[in-house]
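Here is a short briefing on one protein chain. Keep the sequence and the 3D view open while you read.

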Amino acid sequence: MGFLTDRQDTIIRYRHHKYQVNPAYDIVLRMQQMYEDERLGDLDKLNTALAMLVVRPKKICLSIDGKIGLLQAITNHCIKTPDRPIVGKQQKLFDFDHDGEYIYSSFLMDYGLDLMAMQGRLSWKKFIALFQGLSDKTKIKEVMRIRGMEIPAPTKSNKKEIQNILELKAYYALPAKGQNGQGGLDALFAMLERAAR
């Protein structure tokens with residue numbers, strides 16, 4: 001099916017049990033941050049992720065393999081978005097943590113949507129669809145465009161233009177970490193794959 005025709009069901013059926021989940025964007029972002037935290041072990045991350053996503057986590061009476069399977073089912077059904085083809089050179093243009101204010105203002109500007117008021121309510125998949133649909137006039141899209149700008153070859157007449165681009169790139173530069181908010185999800189998938197072996 002497709003994004004518009006699939007129901008955004010928050011009930012996961014796994015091993016003859018039903019689990020109510022809340023895959024809100026803010027929960028998924030906190031989960032990504034947790035998976036990037038190297039101080040926590042895989043088992044702690046697994047249990048914490050389930051406690052964050054499952055509405056009544058005390059009902060989870062599963063072995064470690066069962067918990068891994070449940071988290072994989074939740075991820076596949078409620079979090080994972082379709083892969084897009086990679087075109088051209090991949091460059092990090094945004095970071096959900098670092099660019100939070102730009103993303104917030106962009107959602108408010110384009111959609112009149114207060115992301116703070118939508119915490120715990122706006123699903124991850126809807127958040128991503130809205131994020132990808134932001135117009136070019138929003139702050140986050142402007143920042144992404146600046147980060148992705150090519151620096152032209154120097155000539156006699158473009159020194160000021162190059163200086164301006166370099167200053168903008170320096171001002172909006174991202175700290176060296178993560179991959180567009182995908183790092184935590186990649187760590188989650190890697191952990192699930194390791195555990196499944």
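At what angle do the axes of helix 1 and helix 2 cross? They cross at roughly 170 degrees and come within 10 Å. Angles over 145 degrees count as roughly antiparallel, so helix 1 is roughly antiparallel to helix 2. Note that this model is predicted.

**Overall make-up**
- The chain holds 8 helices and 2 strands.
- Read from the N terminus, the order of elements is β-β-α-α-α-α-α-α-α-α.
- The chain has 197 residues, and 37% of them are buried.
- Take the contacts between residues at least 6 apart in sequence: 67% of these join residues at least 24 apart.

**Helix 1 against helix 2**
- Helix 1 covers residues 25-36, and helix 2 covers residues 42-53.
- From helix 1, the residues in contact are Ile27, Arg30, Met31, Met34 and Tyr35.
- Their partners in helix 2 are Lys45, Leu46, Thr48, Ala49, Met52 and Leu53.
- Sorted by class, this contact has 8 nonpolar, 1 polar and 2 charged residues.

**The second largest pocket**
- This pocket has a volume of about 320 Å³.
- Its lining counts 15 residues, and Tyr25, Leu29, Phe96, Gly100 and Gln119 are the closest to its centre.
- Two elements, helix 1 and helix 4 (100-111), each give two or more residues to the lining of the second largest pocket.
- Helix 1 supplies the largest share of that lining, with 5 residues.
- The lining of the second largest pocket comprises 8 nonpolar, 3 polar and 4 charged residues.

**Ser106 in helix 4**
- Is Ser106 buried or exposed? Ser106 is buried, because its relative accessibility is 0%.
- Ser106 is part of helix 4.
- Leaving out residues up to four places away in sequence, Ser106 touches Tyr111, Leu134, Thr138, Lys139 and Ile140.

**Helix 6 and its neighbours**
- Helix 6 runs over residues 139-148.
- Buried residues in helix 6 are Ile140, Lys141, Val143, Met144, Ile146 and Arg147.
- Which helices do the buried residues of helix 6 pack against? They pack against helix 4, helix 5 (124-132) and helix 7 (159-171).

Technical notes
Residues are numbered from 1 along each chain as its sequence is written. This is a predicted model: local features need pLDDT of at least 70, side-chain atom pairs count only at pLDDT 80 or more; totals for chains, interfaces and linings use all residues. Side-chain values use heavy atoms; hydrogens and water are left out. Axes are lines fitted to C-alpha atoms, for helices over the stretch in contact, and angles run from 0 to 180 degrees between N-to-C directions. Helices (H or I, at least four residues) and strands (E, at least two) are DSSP runs, numbered from the N terminus. Angles under 35 degrees count as roughly parallel, over 145 as roughly antiparallel, 65 to 115 as roughly perpendicular and the rest as oblique. Contact means heavy atoms within 4.5 Å. Ala, Val, Leu, Ile, Met, Phe, Trp, Tyr, Cys and Pro count as nonpolar, Asp, Glu, Lys and Arg as charged, and the others, Gly among them, as polar. On a 1 Å grid over the protein atoms alone, a cavity is a set of points where a 1.4 Å probe fits but cannot get out, and a pocket is an open set with protein on both sides within 12 Å along at least five of seven lines; lining residues have an atom within 4 Å of a point. Grid points are joined across faces, edges and corners, and a volume is the space filled by probe spheres set on the points. Buried means under 20% relative accessible area, exposed over 50%, partly exposed in between (1.4 Å probe, protein chains only).
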